[in-house]
Amino acid sequence: MPKRLRTFIGAVTLAVFIPLYAMTAMVIASAKLPGASILIQTVSYAALGLLWVLPAGLIVTWMSRPDGG
């Protein structure tokens, strides 16, 4: 697959994934965290706020691979 096509597919995927992830994280946080202690809330918000980096990093790594062949 040419790098330009991978870049396009990756950009579209990220543009859909990140807002979808953010909305999902907000729903999880608002459903599960209101009664939790401040420590649990802080750790949960930090984890939810950083968790999107792992799949996004994999997508960016895939996008930046050189053309094969």
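## Handedness and the first helix pair

A crossing of two helices is called right-handed if the near helix is turned clockwise from the far one by less than a right angle, and left-handed if the turn is anticlockwise. In this predicted model, the crossing of helix 1 and helix 2 is right-handed. The axes of these two helices come within 10 Å and cross at roughly 165 degrees. Because angles over 145 degrees count as roughly antiparallel, helix 1 and helix 2 are described as roughly antiparallel to each other.

On the side of helix 1, the residues that meet helix 2 are Tyr21, Ala25 and Ala29. Their partners in helix 2 are Tyr45, Ala47 and Leu48. By class, this contact of helix 1 with helix 2 has six nonpolar residues, with no polar and no charged ones.

## Helix 1 and helix 3

Helix 1, which covers residues 3-32, also packs with helix 3, which covers residues 53-63. The angle between them is about 165 degrees, and their axes are 8 Å apart. Helix 1 and helix 3 are therefore roughly antiparallel to each other. The crossing of helix 1 and helix 3 is left-handed, whereas that of helix 1 and helix 2 is right-handed.

Helix 1 contributes Lys3, Arg6, Thr7, Ile9, Gly10, Ala11, Thr13, Leu14 and Phe17 to the contact with helix 3. From helix 3 come Pro55, Ala56, Ile59, Val60, Trp62 and Met63. The residues of this contact divide into 10 nonpolar, three polar and two charged.

## Two residues of helix 1

Arg6 lies in helix 1 and belongs to the contact with helix 3. Its relative accessible area is 2%, and Arg6 is therefore classed as buried, since the limit for that class is under 20%. When residues up to four places away in sequence are not counted, Arg6 touches Met1, Trp62, Met63, Arg65, Pro66 and Asp67. Among these, Trp62 and Met63 are also listed on the helix 3 side of the contact.

Met26 is likewise placed in helix 1. At 53% relative accessibility, Met26 counts as exposed, because the exposed class begins over 50%. Met26 and Leu48 are 22 residues apart along the chain, and their C-alpha atoms are separated by 8.8 Å.

## A glutamine in helix 2

Gln41 is found in helix 2, which covers residues 38-50. Its relative accessible area is 18%, so Gln41 is buried under the 20% limit.

The side chain of Gln41 reaches the backbone oxygen of Leu33 at 3.0 Å. Not counting residues up to four places away in sequence, Gln41 touches Leu33, Pro34 and Ala36.

Note on methods
Residues are numbered from 1 along each chain as its sequence is written. This is a predicted model: local features need pLDDT of at least 70, side-chain atom pairs count only at pLDDT 80 or more; totals for chains, interfaces and linings use all residues. Side-chain values use heavy atoms; hydrogens and water are left out. Axes are lines fitted to C-alpha atoms, for helices over the stretch in contact, and angles run from 0 to 180 degrees between N-to-C directions. Helices (H or I, at least four residues) and strands (E, at least two) are DSSP runs, numbered from the N terminus. Angles under 35 degrees count as roughly parallel, over 145 as roughly antiparallel, 65 to 115 as roughly perpendicular and the rest as oblique. Contact means heavy atoms within 4.5 Å. Ala, Val, Leu, Ile, Met, Phe, Trp, Tyr, Cys and Pro count as nonpolar, Asp, Glu, Lys and Arg as charged, and the others, Gly among them, as polar. Buried means under 20% relative accessible area, exposed over 50%, partly exposed in between (1.4 Å probe, protein chains only). A polar contact is a pair of N or O atoms within 3.5 Å; within protein, one must be able to donate a hydrogen and the other to accept it, and residues adjacent in sequence count only if both atoms are side-chain atoms.
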